[in-house]
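Subject: Handing over the two-chain model

Hello,

Here is the structure I promised to pass on to you. Please open it first, and then read my notes below.

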Amino acid sequence: MAIKLDYVARETFHNLKRNFLMTSAAVLTVAVSLALVGGALLLKRGVDKATLQWRGGVELSIFMKPDSSATESDAVERELRAMPEVKRIKYVSQQAAHREFQEMFKNSPDFQESLTVDQMPPSYRVVPQQAEQVELIGERFKARAGVEEVVYAKDQIKALLKFTRILQLMLWAVALVLLLAASMLILNTIRMAIFARRREVAVMKLVGATNWFIRIPFMFEGLFQGIAGAAAAFGVVWILRNFAQHAVRNVELFRQFAVSTTDVASTGVFLVFVGAMVGAVGSAFAVTRFLDV
Amino acid sequence: MIRLENVTKAYKGNVVALRDVSADIQKGEFVFLVGASGSGKSTFIRLLLKEERPNSGRIWVAGKEIAHLSNWKVPYLRRNIGCVFQDFKLLPNKTVYENVAFALEVIGRPKHVVESQVPQILDLVGLAKKHDNLPNELSGGEQQRVSIARAFVNRPLILLADEPTGNLDPSTSEGIMRLLDRINRTGTTVVMATHDRSVVDAMRRRVIELDRGTLVRDQVRGVYGAYT
């Protein structure tokens, strides 16, 4: 069975034009719903980015005893450097520690003088590859010779990890629910549009049109509406993102949420894909209801 | 061309539309299907199009037993049958020309065939000057002519007409009947369901009468109300 391309193109174009109101309704529905989905997805990307940076800032300090020997601290340093979990380390000498101490308490000179350079503990500041590894690294060095104390913000890290995990899950859920709602809304709009044309479908059947012959122009219409709506949604998301990013460009906290153009583009591709699929497949299903022999 | 053998059709709730109906219609015949509203005329026609299935009995259309026809072949059955209805069933947003061309495009006829056949058939039904009008710009009689043109444009073996004059005044009906007669003379089998007494009496063709689903009369050169 040959379906002529020029027939499909002409039929699709004419129907889009003749059913302008329904077409606009469908395109608008797709645009609004997918813009919400896109917004949620981008927000999630932003949280991902920010989380990555927060977690990158997590570190632990290994304080050596002030009287620890050079061999002892060399052993600790060598072991730290050999560990794959460790991203980088920084040695803070007694002098540097003393300077920090002086700086910290420069408003209370009495206190400043209470400690000499010799009494300051030298330390290693360790940044792990992943925030979760802080505890693992810390436990290992607690009982080493020459180690005075291992310090890390255990509870804060746990709270941060938990919070970001929940936030990410929630945003996923929101995006998913919005996607489902968008699909239903789009399907319903298409169904209404086709219901308005059931007479036309009945006539096509009467003159001997095969089901696919009837279905294909409807599918192309749905495809067009889906892509047009998704493109509009993409535009809205794009503009809002630029606007938001511009507005918060000087606020340190929010800058961490900045999503790259690649992120926005890939979200856009996803939106267009969803729009096209829901449009075409939705139309095919919607018209099938009126095709029963 | 059309054969029904002991066909019974009941709808839900035990409403019997046709009861044990048998009939045999030859190629080239012109048959009136008469009876009061609800006597089963429309069901008769819907069965031939395979829009409904009989509960029992067998039906042949154009040489094929249609119960054996798989669903995807139904469109091909319908290409052998032209249909005309009381309410015309034209597509309101297509022009006269497009409505008729549609029937050819749907069955995949090439462009040059469409372009030569459609003006020819519109000429035959007397609407050569109304190509670009929309259906709502035409009178009832003209709309029915368009629907006949659409039904006949691919030269079907059978033309089914369900109350084609039901919405038209007597003189317009006469024109429609002349057109159907002309189509019948080309060899097309015409089955027309009607309760328009004057039309049946004027034509003097075969009459099959249904009464509450039962075939009560099959007369070769009949009138509308011979025994009623």
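**Where the chains meet**

The contact takes 18 residues from chain B and 13 residues from chain A, where two residues are in contact if their C-beta atoms, placed from the backbone, lie within 7 Å. On the chain B side, α2 (74-78) and α3 (96-106) each supply at least two of the residues that touch chain A. By class, that side of chain B has 9 nonpolar, 3 polar and 6 charged residues. Here Ala, Val, Leu, Ile, Met, Phe, Trp, Tyr, Cys and Pro count as nonpolar, Asp, Glu, Lys and Arg as charged, and the others, Gly among them, as polar.

Before you go further, please note that this is a predicted model, in which local features need pLDDT of at least 70 and side-chain atom pairs count only at pLDDT 80 or more, while totals for chains, interfaces and linings use all residues. Residues are numbered from 1 along each chain as its sequence is written, and chains are lettered from A and ligands numbered from 1 in the order in which they are written.

**Chain A in outline**

Chain A has 11 helices and 4 strands; helices (H or I, at least four residues) and strands (E, at least two) are DSSP runs, numbered from the N terminus. Of its 293 residues, 30% count as buried. A residue is buried if 20 or more other C-beta atoms lie within 10 Å of its own, exposed if 12 or fewer, and partly exposed in between, with C-beta atoms placed from the backbone. Among the contacts in chain A with a separation of 6 or more, 87% come from residues 24 or more positions apart.

**The nonpolar cores**

A nonpolar core is a set of buried Ala, Val, Leu, Ile, Met, Phe, Trp, Tyr and Cys residues joined through C-beta atoms within 7 Å. The largest one has 110 residues, and Leu34(A), Leu33(B), Val100(B) and Ala149(B) touch the most other members. Apart from it lies another core of 11 residues, including Leu60(A) and Tyr124(A). Leaving aside neighbours within four places in sequence, Val100(B) is in contact with residues including Val118(B), Ile121(B), Val146(B) and Ala149(B).

**Helix pairs in chain B**

α3(B) and helix α4 (residues 111-124) of chain B pack at an angle of about 130°, with their axes 10 Å apart. Axes are lines fitted to C-alpha atoms, for helices over the stretch in contact, and angles run from 0 to 180 degrees between N-to-C directions. That angle makes α3(B) oblique to α4(B); angles under 35 degrees count as roughly parallel, over 145 as roughly antiparallel, 65 to 115 as roughly perpendicular and the rest as oblique. Val100(B) and Leu104(B) of α3(B) are among the residues that make this contact, as are Val118(B) and Ile121(B) of α4(B). The contact of α3(B) with α4(B) has 10 nonpolar, 1 polar and 1 charged residues.

Helix α5 (residues 140-152) and helix α6 (residues 170-185) of chain B pack at about 15°, with their axes 10 Å apart. α5(B) is therefore roughly parallel to α6(B). The residues of this contact divide into 5 nonpolar, 5 polar and 1 charged.

**Two backbone angles to look at**

Asp20(B) is not a glycine, yet has a positive phi of about 50°. Asp20(B) lies in strand β2 (residues 15-25) of chain B. Lys50(B), also not a glycine, has a positive phi of about 60°, and is found in the loop between α1 (41-48) and β4 (56-61) of chain B.

Best wishes
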